[in-house]
Amino acid sequence: MAYSTPTEATAEQQANSTSGLHNPDAKVTSASKIWKSPGLGYTTILRHVHGVLNMIGWGTLIPIGIMIARYFREEFPMGCDQWYSAHAVCQTCGYIMGTVGWGFGVSLLKSSKRSHLPFLVIGLFVILLTTIQMFAICVQAKKESGRRRWEIYHHVMGYVIMALIIADIFEGINAQRHPKKWRWGYVGILSALTLVAAALELHRCIKLKLFKQAMKLNANMHSDHTTTTT
């Protein structure tokens, strides 16, 4: 067994460090290994950004905008003078975030080794219908006769888009490497939105029922008063 002297060991260490400093390949290799390590890949980062933007934009802000239009537009369950502004802000921000996320998804098609046809088709329908819905606001009818038909179209199209968005997000989650975490995350978001919507719907029904009872009682009192005076 041979032992190296301290002088030889020091010289060997200096030679190794010097070769490492002056060898550009060593740096490139180490940086490449770090960049390609799990969780730091460029494609992985883009995939995560794509998923987060679509879940927040399409999957969260747009449903909130729909809830604002349904539950804060009139007095039942509660009125809000700024409901249209809040509705428009949520829908616009959701549309922009979802479109940017969709753009990241398109850029991932070339690097993706797997093809998820349902995810791609539903996503294409979502981006087309949401774009049509946004432009439809600019051409909404002003007259009362056409206004009612436009509102029916706007509401039906909104709910169709919402169903497609939820289906597309779950299809996208199934395409992830770790779908379980993503699935539970979005299930939590949907559960929270559903609970809030259910509470507002219940409050709306109770308040509307009390209002109808009060109107009926008022009508009966007015009828009795008219009969008495005559």
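Predicted model: local features only at pLDDT ≥ 70, side-chain atom pairs only at ≥ 80, totals over all residues.
Helix 3 and helix 6 are roughly antiparallel to each other. The angle between helix 3 and helix 6 is about 150°, and their axes are 10 Å apart. Angles over 145 degrees count as roughly antiparallel, so that is the label this pair gets. The crossing of helix 3 with helix 6 is left-handed.

Which residues meet there? On the helix 3 side they are Asn54, Met55, Trp58, Gly59, Ile62, Pro63, Ile66 and Arg70. On the helix 6 side they are Gly158, Tyr159, Met162, Ile165, Asp168 and Ile169.

Now the overall layout. The protein has 7 helices and 0 strands. Written along the sequence, the pattern is α-α-α-α-α-α-α. There are 230 residues in the protein, and 27% of them are buried. If you take the contacts with a separation of 6 or more, 74% of them join residues 24 or more positions apart.

A word on the annotation. The unreviewed UniProt entry gives "transmembrane region" for residues 52-72, 84-105, 117-140, 152-170 and 182-202. We can look at two of those spans in the model. Residues 52-72 are 95% helix and 0% strand, with end C-alpha atoms 28 Å apart. Residues 182-202 are 100% helix and 0% strand, and there the end C-alpha atoms are 30 Å apart.

The axes of helix 3 and helix 4, which is residues 83-107, come within 7 Å and cross at roughly 160°. That makes helix 3 and helix 4 roughly antiparallel. Their crossing is left-handed.

Met97 is a residue to look at here; it sits in helix 4. Is Met97 buried, exposed or partly exposed? Its relative accessibility is 25%, so Met97 counts as partly exposed. Leaving out residues up to four places away in sequence, Met97 touches Leu53, Ile56, Gly57 and Leu61. Met97 and Asn54 are 43 residues apart in sequence, yet their C-alpha atoms are 6.7 Å apart in space.

The other pair is helix 5 and helix 6. Their axes come within 9 Å and cross at roughly 150°. Helix 5 and helix 6 are therefore roughly antiparallel too. The contact involves, among others, Phe119, Ile122, Val126, Leu129 and Gln133 from helix 5. From helix 6 it includes Tyr153, His154, Met157, Ile161 and Ile165. This crossing, of helix 5 and helix 6, is left-handed.

His154 belongs to helix 6. With a relative accessibility of 15%, His154 counts as buried, because the cut-off for buried is under 20%. Beyond residues up to four places away in sequence, His154 touches His87, Gln133 and Ile137.

Ile165 shows how the helices come together. Apart from its neighbours within four places in sequence, Ile165 is in contact with Trp58, Gly59, Ile62 and Val126. Trp58, Gly59 and Ile62 are in helix 3, and Val126 is in helix 5.

Last, a loop residue. Where is Gln176? Gln176 lies in the loop between helix 6 and helix 7. Its relative accessible area is 11%, so Gln176 is buried. Not counting residues up to four places away in sequence, Gln176 touches Arg47, His48 and Trp182. Gln176 and His48 are 128 residues apart in sequence, and 8.9 Å apart from C-alpha to C-alpha.

Notes: Residues numbered from 1 in each chain as written. Heavy atoms only, no water. UniProt positions renumbered as here; feature names shortened; annotations may be inferred. Helix = DSSP H or I, 4+ residues; strand = E, 2+ residues; numbered from the N terminus. Contact = heavy atoms within 4.5 Å. Axes fitted to C-alpha atoms, helices over the stretch in contact; angles between N-to-C directions. Parallel < 35°, antiparallel > 145°, perpendicular 65-115°, else oblique. Left-handed = near helix turned anticlockwise from the far one by under 90°. Buried < 20%, exposed > 50% of the residue type's maximum accessible area, 1.4 Å probe, protein only.
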